[in-house]
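Welcome! Please take a moment with the structure below, and then follow this short tour of it, topic by topic.

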Amino acid sequence: MSTGLSENLSQDPRQRPTLVLGGKGFTEVTDTVCAVSERRKWPAIWYIAFACSLVLLGVLGACLTYLISTGIGVWGNNMPAAWGFPIVNFVFWVGIGHAGTLISAVLFLFRQKWRTSINRSAEAMTIFAVACAGIFPAVHVGRVWLAYWLFPIPNQMSMWPNFRSPLLWDVFAVSTYATVSSMFWYMGMIPDLATLRDRATGKAKQFFYGLFSLGWSGSNRHWLRFERAYLLLAALATPLVLSVHSIVSFDFAVSILPGWHTTIFPPYFVAGAIFSGFGMVMTILIPCRSAFGLQDLITTRHVENMAKVILVTGSMVGYSYTMEFFIAWYSGNLVEQFAFVNRSFGPYAWAYWTMFSCNAFIPQLFWFKKVRQTMLLAWIVSILVNVGMWFERFVIVVTSLTRDYLPSSWGMFRPTSIDFLTFLGSFGLFFTLFLLFVRFLPMVAMAEVRSVMPQAHGIVGEGHRPFGDYWPDSVHPERQRKPSPEEE
Amino acid sequence: MKKPVSGKAFWRSLEDYAEAPEFMRWAKAEFPALLEPMSPPSRRSFLRLMGASAALAGLAACRWPKETILPFSQRPEDLVPGVPQRFATAFDYGGHAQGLLVTSYDGRPIKIEGNPEHPLSRGASNSFAQASVLSLYDPDRSRVPYSGGKKSSWADFDAAFGAQTTALAASGGAGFAVLAEASSSPSRARLQAEIESAWPNARWFEYEAISRDNEREGTRLAFGKPLRPQYDFSKAELAVCLDADLLGEHPASLAHARGFAVSRRRIDEGRLGRLYAIESCYSITGAAADERFPMPSGRIPALLVAIAQGLEAAGVALPSGVLRAAVSAFPPGESLPLVATIIEDLLRHRGHGFVAVGAQHLAEAHALAFAINDALANTGHTVSYLPCPDPERVSHSTAIASLARKIEAGELTTLLVLGANPVYNAPADFDFGALLAKVGQTIHLGQYRDETAEKCLWHLPEAHYLESWGDARSWDGSVSVVQPLIEPLHGSRSALEILAGVLGRQPADGHGIVRETITGLAGDKGDKAWRRTLHDGLLAGSAPAPVHPRIDGSSVAASLASAKPKAAGDLELVFTTAPDVYDGRFANNAWLQETPDPLTKLTWDNALLVGPATADKLGVRHGELAKVEAGGRSIEAPVFIAPGQALGSIALGLGYGRTAAGRVGSGVGISAYPLRTLADAGWSSGITVTGTGQVFKLATTQDHFAIDVGGREETERRRPELVREANLEEFKRVPDFVRHRSHDIELFSLWEEFTYEGHSWGMSIDLNTCIGCNYCAVACQAENNVPVVGKEQVYNGREMAWLRVDRYYGGDPEDASIAFQPLACQQCEMAPCEEVCPASATVHDDEGLNTMVYNRCIGTRYCSNNCPYKVRRFNFFNYHKNLTELESLGMNPGVSVRSRGVMEKCTYCTQRIAQVKILAKNEGRPIEDGEITPACAQACPTQAITFGDLNDEKSRVRELHQDKRAYSLLGELNIKPRTKYLGRIKNPSSMGHTEHSSEEHH
């Protein structure tokens, strides 16, 4: 039988597993989450991590300064491989930025309530990843100071961008995605910011939380509007989850390069993005939950669910890799065939097999319950997924560019130390932002978690939970009559 | 005619005005910079100089005969600022001249082309000539005289040397010697003769590290006097080149290449001659050959004897005794099937073929080849002989050896070195650095403070040929005037002026000397012949008529009997002429250093070229430093695996490893001279090579042979589709074979395509005549301000060449065939680059050009990714950042200098198109076909590149686009390139070992 409050891994069909453990009620949930940002003394590990992140951020700044003052030549890009690390990193980060919106929007629409305890941090991660991603295309252009020409800004020079270029589509896709996911993240945070405001002791905190909670009072009217808006934004963000990486894949698929010019790219990129996004969420949340005592909110079951998503998307990615080979063979296009043979057996075979093992083989370990439920193992797999997904972009960008149509123009891509440092530096930016986020903002969506707890539906303690629903249904008249969490 | 400049004085001409001392005083006060050598040159003073010299261009040629300066106060006739002018001149290196036409913008020479009037070049010019303009603006050129290693001045030198000449004159020049580089200058020969007669005790030595003296000695043996053999490819049905790179390194290579192209164009009549090349190291002649066979240089004389033997057996009578002597000197050994084929062909084409032997071979081998040509009645048809302009000269090796002896014996007190660099390139038998120290006074005249300058007491800056008067003869004996286009930038003097100074002539007037020589040669003391020569760049009728010498059989036999062929070793090291730096003198020319070797595509280095099997045997790997030992001397050089290199033969280019070439050339590559002795000037046998295990970075512009197996196999698979070749038989059977080389599918367009009302530019490149010489690439670099990026950047794959010549190997790596394919932007009609540029920086124009708008480019580099030819180049750095003002003066003002972060590529020389369009419009006439010539097409010695208007129904390019051999490279991508290639036809012998059957791709 279910052990109830301490474990929710049971697959007993008679009973829905609880999403919050430890017998926590609303107050305890609120306390647990708020405690993270309200604690007076922060653990040394946070300071160490923050210091490291700042150093890396400094490295990023130094690298970009050097780059902008000297030229693209500081990287390893060359003439067959005109795109190198920057685009690899861009696609890598954009891919990571997919999990957040997927979790908040798509899983929301699919009523996957377990999302509530991870969606906030996943969304934050999305925004920070998109910020990292945004840096690369901006600085990878030869004349950074003119990068704004990519935007259709009416100007005295009568210049207008070329709307046939996938890079331009990218500009719109990524900026739209960044905007919508930031809005979604912020909007979803308003009730929690209000909670923090109400609990804040210092003046500054009161002021800033007050400012950003936009006068939230938790009134029924507020909740009603909020829930509608959230639903709308979720509906708006859902297609973006699919469109952004599809469009990013067009950068490659629309070109005529063997190995890039394939129709499988959009779905394959989207699957890969979700795969890598969940990988990154797991990589971050597993240490966070133990560092901040959130095991009762982000439970083993959550990790297991994510592992399952990784298993599915990883298999999809593996299928895509195989299908690319099949199509190359089936098409009878010899140049295409060589592109793939060269990927797997050419000079960059090591990168290809790193990618293939990390993305298609290693996640298969998640078939085993033991691996899914052992935090350390799951964490290691998630890191390998990240590694594999970076290599996937490396393989796509570099192998196709270095050996295309004319063997006379074939070359090799050799990254420089600046390439590596810039990539490393982007992690500095990412972690700096993330550490600031956990320091000052509610890293678990308290209001949402509360709404999926049995207590929200009038059930106290363990037992049968009649409703698998939360906000969407709570707008029904009969639901509205139920006492709101605050009233209870 | 001297007149005061005050009041209402008038002058009749600018000459009068310029002569006025008042004016000169004023000019000096006004422009003090004019009096000083430009060091460092300021842009303002430079432009003033330029303006002045250009101003004078209208008066006589381009440099003021009186050698005075005028401000640009009145515009001379014919000079429109910004409109380029062209002057004929000539460039001499190694004692042979090329007739040139130099384009000058506002007094700055910026582009060198061949003189179309010159019989040898007919408008073409080689890399060295084209790149020489860069040397003019080389900031490393020496600027002031040095004395004992310290800066000095011309006045000091004149004072010091003036006193000495008086003393020398008294003793008849005892103890005085001149060591000169070879020069074809009739004026220098005249001054030399004057010095020798005025100073009977003075001695004159002439040394060149690379020379054709063996061939010259061969003619002496065969005909009793030195002659210049002339090979006529255009008439030849058959050419047998034994280690002879007639298309590449020969002084008449431009004429040979043109003749070769004529013979290849007979394919239009369904005929084709045959070129055999048997050589140790791949040359462009070998690459162009129908049959090429790798063979160590040491075995080539024996092959020649085998041919002679076979011919005699077939009834061709060689002079008596010759064959017997030859067989004993070079025992032919076992007969190759190849020899039988060659003999058969030679017999079939009596009077229409020739046999040529490479310059590194013994004089006796040359003599035997002359005898064979004579016996086959080729002489007078495909081979003719011209008299040598300097029949008395002893060979360079004899000269340098006797100079060394004289120094050793302490007979010399004063040595004047004119341009030569013996400390660097003298045979390894002598340590010239030490020898020079034994001469009391050494004076070095050179453009750079080179290795020899460092060891000499005096170093004098020598004027560049574009800034000094001179004259020169080409291989066919035609005399050209070396006409300066600019005042000496650094106040340097020419060799002629120095020699005039030796003779005590003051002022040493280069112009006067040359004019005297030319008018003397012309037999017309008046102005007319002189002006005509200046204008045409050629003294009419100066080329000597061919002589018809009789072969002296007994002399040939006697020489062969006493020939001392080298003992054959297992491994030989052949010293080759580097196509980039010659003997080392062009080492500081960055364009040349960065121009890839035509065969290996190696830049910024030389390397030990080793065949794959030889490398396996020696246990050395590609890029490994190996120690080479020969005769107790050793060097370390990197190994380069080169397919087609003869088994047991290793080649190393001369001219690298300079230590005092300048900032560009010092420390580039490895010098081969320490291994090169008098006896082993051509090759050294019995060497040992051991790998050191150390890795050396080699920067090639194209993947070398040593890539992974998969890549190599794929390259071989694609090669027949990319470079479409057929054998003559197949071509006769399937004239449109090019269509069967790829699986073309029916292509249609999703869009309505552009239509062109006016012009529609197109290009055609004939792979059948392209010899892969790279001259087009250098021309492109010069014309389009293409930056040089250096070894490290080439290694990183960032070379900027807009036009590259692709080289593909085929077949067995030991006996590989080579195909070339010049590749620049194909100006696709459905350009993939245009589609993907987010900034609309690369767009189509209404004449079909795929234009690149630099100012609009933000550098996403997406266009390059989507370019299937990868011909776009990106400015990864600001390559022009460290350009000195002097260097920037050499830039072509008609072409934008690109900034950092911008993409660039071939434009079909859009500036040249615009120039002609404007001209035609002003004159109210249509543009004629052939009037627009892009730089590459202009420089091509085989005229393989044709440019024109595809809308013009009578244009040559349109005709070529419709030729049955025409195909689009990667046409299956439906991008509709505007450049089309014409398939290459080879005519291998029935032996058929070179070319694989081409049927398989049907």
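In this predicted model, Q943(B) sits in the loop between helix 32 (935-939) and strand 36 of chain B. Its phi is near 50 degrees, a positive value in a residue other than glycine. For background, most residues other than glycine have a negative phi.

- Is Q943(B) buried or partly exposed? Q943(B) counts as partly exposed, because it has 19 C-beta neighbours inside 10 Å and a buried residue needs 20 or more.
- W604(B) is not a glycine either, yet it has a positive phi of about 55 degrees.
- You will find W604(B) in the loop between strand 20 (602-603) and strand 21 (608-610) of chain B.
- W604(B) is buried, because 26 other C-beta atoms lie within 10 Å.

- Strand 37 of chain B runs antiparallel to strand 38 (residues 979-982) of chain B, and two bridges join them.
- Across this pair, A966(B) stands opposite L982(B) of strand 38 of chain B.

**The three-stranded sheet of chain B**

- Another open sheet in chain B has three strands in the order 1-2-3, with antiparallel pairing.
- Which strands stand at its edges? They are strand 1 (85-93) and strand 3 (108-114) of chain B; each has a single partner strand, so one side of each is left without a neighbour in the sheet.
- On average, neighbouring strands of this sheet are turned by 35 degrees against each other, direction ignored.
- Strand 1 of chain B and strand 2 (residues 96-105) of chain B run antiparallel and are joined by nine bridges.
- R86(B) is found opposite T103(B), which lies in strand 2 of chain B.
- Helix 4 (residues 127-136) of chain B packs on this sheet and touches strand 1, strand 2 and strand 3 of chain B. The direction of this helix makes about 170 degrees with that of strand 3 of chain B.

**A hairpin with a buried strand**

- Strand 30 (residues 804-810) of chain B pairs with strand 31 of chain B in the antiparallel sense, over seven bridges.
- The two strands form a hairpin with six residues between them. In the turn, G811(B) has a positive phi of about 75 degrees.
- V805(B) has P822(B) of strand 31 of chain B as its bridge partner.
- Why is strand 31 (residues 817-823) of chain B described as largely enclosed by the rest of the structure? The reason is that seven of its seven residues are buried.
- S817(B), A819(B), Q821(B) and L823(B) point one way from strand 31 of chain B, while I818(B), F820(B) and P822(B) point the other way.

**A helix and its cover**

- Helix 19 (residues 510-522) of chain B has 13 residues and reaches 18 Å from its first C-alpha to its last, close to the 18 Å expected at 1.5 Å a residue.
- Its buried residues are G510(B), H511(B), I513(B), V514(B), R515(B), T517(B) and I518(B).
- What covers them includes helix 6 (186-198), strand 17 (470-473), strand 18 (479-482), helix 18 (495-502) and helix 20 (527-536) of chain B.
- Just after helix 19 of chain B comes G523(B), with a positive phi of about 70 degrees.

**Crossing helices in chain A**

- The axes of helix 4 (residues 98-109) and helix 9 (residues 265-291) of chain A come within 7 Å and cross at roughly 90 degrees.
- These two helices of chain A are therefore roughly perpendicular to each other.
- Helix 4 of chain A makes the contact with H98(A), A99(A), G100(A) and L102(A). Helix 9 of chain A brings A273(A), I274(A), G277(A), F278(A), M280(A) and V281(A).
- By class, this contact has seven nonpolar, three polar and no charged residues.

**Where the chains touch**

- How many residues does the contact take from each chain? It takes 43 from chain B and 45 from chain A.
- On the side of chain B that touches chain A, helix 24 of chain B supplies the largest share, six residues.
- By class, that side of chain B has 16 nonpolar, 15 polar and twelve charged residues.

Definitions and conventions: Residues numbered from 1 in each chain as written. Chains lettered and ligands numbered in written order. Predicted model: local features only at pLDDT ≥ 70, side-chain atom pairs only at ≥ 80, totals over all residues. Pairing = 2+ DSSP bridges. Helix = DSSP H or I, 4+ residues; strand = E, 2+ residues; numbered from the N terminus. Axes fitted to C-alpha atoms, helices over the stretch in contact; angles between N-to-C directions. Contact = placed C-beta atoms within 7 Å. Buried ≥ 20, exposed ≤ 12 C-beta atoms within 10 Å, placed from the backbone. Nonpolar A, V, L, I, M, F, W, Y, C, P; charged D, E, K, R; others polar. Expected span 1.5 Å × (residues − 1). Parallel < 35°, antiparallel > 145°, perpendicular 65-115°, else oblique.
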